[in-house]
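Good morning, everyone, and thank you for making time for this. I would like to walk you slowly through one protein, so please take a moment to look at the sequence and the picture.

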Amino acid sequence: MEQPGSEAELDGSLVAFFDPIPEAVAAARRFVLQHAGEAGALESERLASVTSELVTNVILHARTPFTVRVRDGDGHVRVTVDDSSPNSIDPDLIGAPADRSGRGLRIVGALSDRWGIDYRPGGKSVWFSVTHPTTGPPQFRLF
């Protein structure tokens, strides 16, 4: 893996490399917003919030170095967080709104237009997308 804090381009996405430390949450959020293209204010807030949730999950649960990829195109911004933990995520175990923890994926689902988990050898990728304001109304869902 590259040095933490470094950036690269890969397959049309901009990629940043991070260590699993609390300071990475703000750094990843800044990286995503810097490369979010035409996102409006509401979309930027959604991108920042969901990025924070996914990066926090990596820090708390995967505990591995990770990358954040941003691709801006086709009317939406797609953000992918890659870690190297072999542990899977069970979306059916999402916390209830009143729970003190475990609500991160519920927030991801509510604030993103689409999201998913892709498993690969050596880890997983959790991704989400947010539609640009010029391409139609947001499709996010409430709890």
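This is a predicted model: local features need pLDDT of at least 70, side-chain atom pairs count only at pLDDT 80 or more; totals for chains, interfaces and linings use all residues.

Let me begin with a question: does Asp74 count as exposed or buried? Asp74 counts as exposed, because its relative accessibility is 79%, where exposed means over 50% relative accessible area, buried means under 20%, and partly exposed lies in between, with a 1.4 Å probe and protein chains only.

Residues are numbered from 1 along each chain as its sequence is written, and side-chain values use heavy atoms, with hydrogens and water left out.

Now the overall plan. The protein has 3 helices and 6 strands, these being DSSP runs numbered from the N terminus, with helices (H or I) of at least four residues and strands (E) of at least two. Along the sequence, their order is β-β-α-α-β-β-α-β-β, and buried residues make up 41% of the 143 residues.

Let us return to Asp74, which sits in the loop between strand 3 and strand 4 (76–83) and has a positive phi of about 55° although it is not a glycine. As background, most residues other than glycine have a negative phi. Arg63, in the loop between helix 2 and strand 3 (66–73), likewise has a positive phi of about 55° without being a glycine, and Arg63 counts as exposed because its relative accessibility is 64%.

Next, please look at helix 1, residues 23–34, where Ala24, Val25, Ala28, Phe31 and Val32 are buried. Seen down the axis, these buried residues fall within an arc of 130°, so they line one face of helix 1; the arc is that of the directions from the helix axis to the C-beta atoms. On the other side of helix 1, Glu23, Arg30 and Gln34 are exposed.

Finally, consider Ser112, which lies in the loop between helix 3 (104–111) and strand 5 (114–120). Ser112 is buried, because its relative accessible area is 0%, and a polar atom of its side chain lies 2.6 Å from the backbone oxygen of Val108.

Notes. A polar contact is a pair of N or O atoms within 3.5 Å; within protein, one must be able to donate a hydrogen and the other to accept it, and residues adjacent in sequence count only if both atoms are side-chain atoms.
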